[in-house]
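I opened this notebook to keep track of what I looked up, one entry at a time.

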Amino acid sequence: MSQTNVRPSKTEAADTVAVPADTVAAPKETVAPPTAPRVEARTQRGASLDVDVREDFLPIQAVEYVEFWVGNAYQAAQFYRTLFGFDVVAYAGPETGIRDRASYVLRQGQVTLILAAGLGPESPVTQHVARHGDGVRDVALRIPDVDAAHDAVTRRGAVPVEAPSSLEGSKGVVRRAAIALYGDTIHSLVDRSRYTGVWMPRYRRVEDLRGEPAGIAEIDHIVGNVELGQMNRWTAFYRDVMGFSQLVHFTDEQVSTKYTALMSKVMQNGSGRVKFPINEPAPGKRKSQIDEFLEFYRGPGVQHIALLTDDIVKTVRALRARGVRFLRVPETYYAALRDRIGKIEESFDDIQELGILADRDDEGYLLQIFTKPVQDRPTLFYEIIERRGARGFGLGNFKALFEALERDQAARGNL
Ligand SMILES: [Fe+2]
């Protein structure tokens, strides 16, 4: 992004940033059947999408941003800048006319994160953090016609959190609305196409907090954890309310270790660009990682965000050097990997040295690795993923991965 405007326009601070309701009800389970036709689509970055978007009643173009509500937004912004290589590009707070919170906008590749912290105990941000710890409040969706989209999804059963409204400033207008997702999480619907400023009205440009890019290009998928018995309710929400279709279903037999199990369904939107897996715990001998999340997050929420890179070896090497902590599978994983995965472009020595996992399906292979939780509570973590044709989620790695995760869980006294 060009950053030539040194002095932010004062008149850019012209509107209030909407404050979503603190607590929201979950959508009703009964919803109208979808009328939009299902469309086949490819999910690979850069691939042309052979999809007639006129037929898609909810033409989501991308995840516009992910907003985190955290205890200290300035420090969180510095964490993502120095460890993950994000640029801090914009800021809103008391200096720009926002009294109750400070918000930093971070960007790397096509990924935009917002980190917001409340400035007093009465702020809904502060209250959210008291309950959930640092976590994802909003998975915002880029949509060309916010009013039509909000109307369509609420008619289908979505619970409105914010009616459509305009944020106006000297550089144009941003139209937005929001609906409830699981727990206290929301989906904002955002159209920034008629705004030419750095981010939105009331944000000012930040020049002096650049990161060193680590090759993070875009969001591949965002996973939610919900309570036992709630997975089908939320996949039905994506299907019936949002017009998504189911891409994959992992059963508890496929996703289990000696002790714990989980179930997962992956939902994707009409263009295939937006993928939201939903996990729920399955009954097992011990407490599953999903149960641990639900206990410490005090309810359902975003478990992990998968970030796509073109060069996972380079990205993970950079992140490790900066201090990002990753889960490690046992070395025995690599003894079996060469036979299991066959020929890959990358060096097996690099893959093993960096602790990267690999999996193959009938379309190609993928490389992935998972960070440890990025806050004190064992809740949100990140996946770094590179796709070489494969559209899956690394089923062949689930067992080794979950066993690695359970070792940490046991160390916390939670298994
Ligand atoms: Fe994932």
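**Entry 1: strand 8.** I am working from a predicted model, and I first looked up strand 8, residues 186-191, where six of the six residues are buried, so the strand is largely enclosed by the rest of the structure. I then asked which residues lie on each side of strand 8. On one side I found I186, S188 and V190, on the other H187, L189 and D191, and all of these are buried, so that both faces are covered. I noted beside this that in a regular strand the side chains alternate between the two faces of the sheet.

**Entry 2: the partners of strand 8.** I looked up which strands pair with strand 8, and I found that strand 5, residues 135-142, runs parallel to it and is joined to it by three bridges. Within strand 8, L189 has L141 standing opposite. Strand 7, residues 172-180, pairs with strand 8 in the antiparallel sense, over six bridges, and here I noted R175 opposite D191 of strand 8. Strand 7 and strand 8 form a hairpin with five residues between the strands, in which G183 takes a positive phi near 60 degrees.

**Entry 3: the whole chain.** I stepped back to the protein as a whole, which has 415 residues, 48% of them counted as buried, and whose secondary structure comes to nine helices and 17 strands. Among the contacts with a separation of 6 or more, 72% are between residues 24 or more positions apart. I also checked the confidence, and the pLDDT averages 88, with 87% of the residues scoring at least 70. Over residues 1-54, however, the pLDDT is below 50, although this stretch has 110 contacts in the model beyond near neighbours in sequence.

**Entry 4: helix 9.** I checked the length of helix 9, residues 398-411: at 1.5 Å a residue its 14 residues should span 20 Å, and the end C-alpha atoms are 20 Å apart, which agrees. Its buried residues are L401, F402, A404, L405, E406 and Q409, and I found them packed against helix 5 (289-297), strand 15 (357-361) and strand 16 (364-370). After helix 9 comes G413, with a positive phi near 75 degrees.

**Entry 5: A130.** Is A130 buried or exposed? With 12 other C-beta atoms within 10 Å, A130 is exposed, because a residue counts as exposed at 12 or fewer. I also noted that A130 and G71, 59 residues apart in sequence, are 8.5 Å apart in space from C-alpha to C-alpha.

Terms used. Residues numbered from 1 in each chain as written. Predicted model: local features only at pLDDT ≥ 70, side-chain atom pairs only at ≥ 80, totals over all residues. Helix = DSSP H or I, 4+ residues; strand = E, 2+ residues; numbered from the N terminus. Buried ≥ 20, exposed ≤ 12 C-beta atoms within 10 Å, placed from the backbone. Contact = placed C-beta atoms within 7 Å. Expected span 1.5 Å × (residues − 1). Pairing = 2+ DSSP bridges. pLDDT = per-residue confidence, 0-100.
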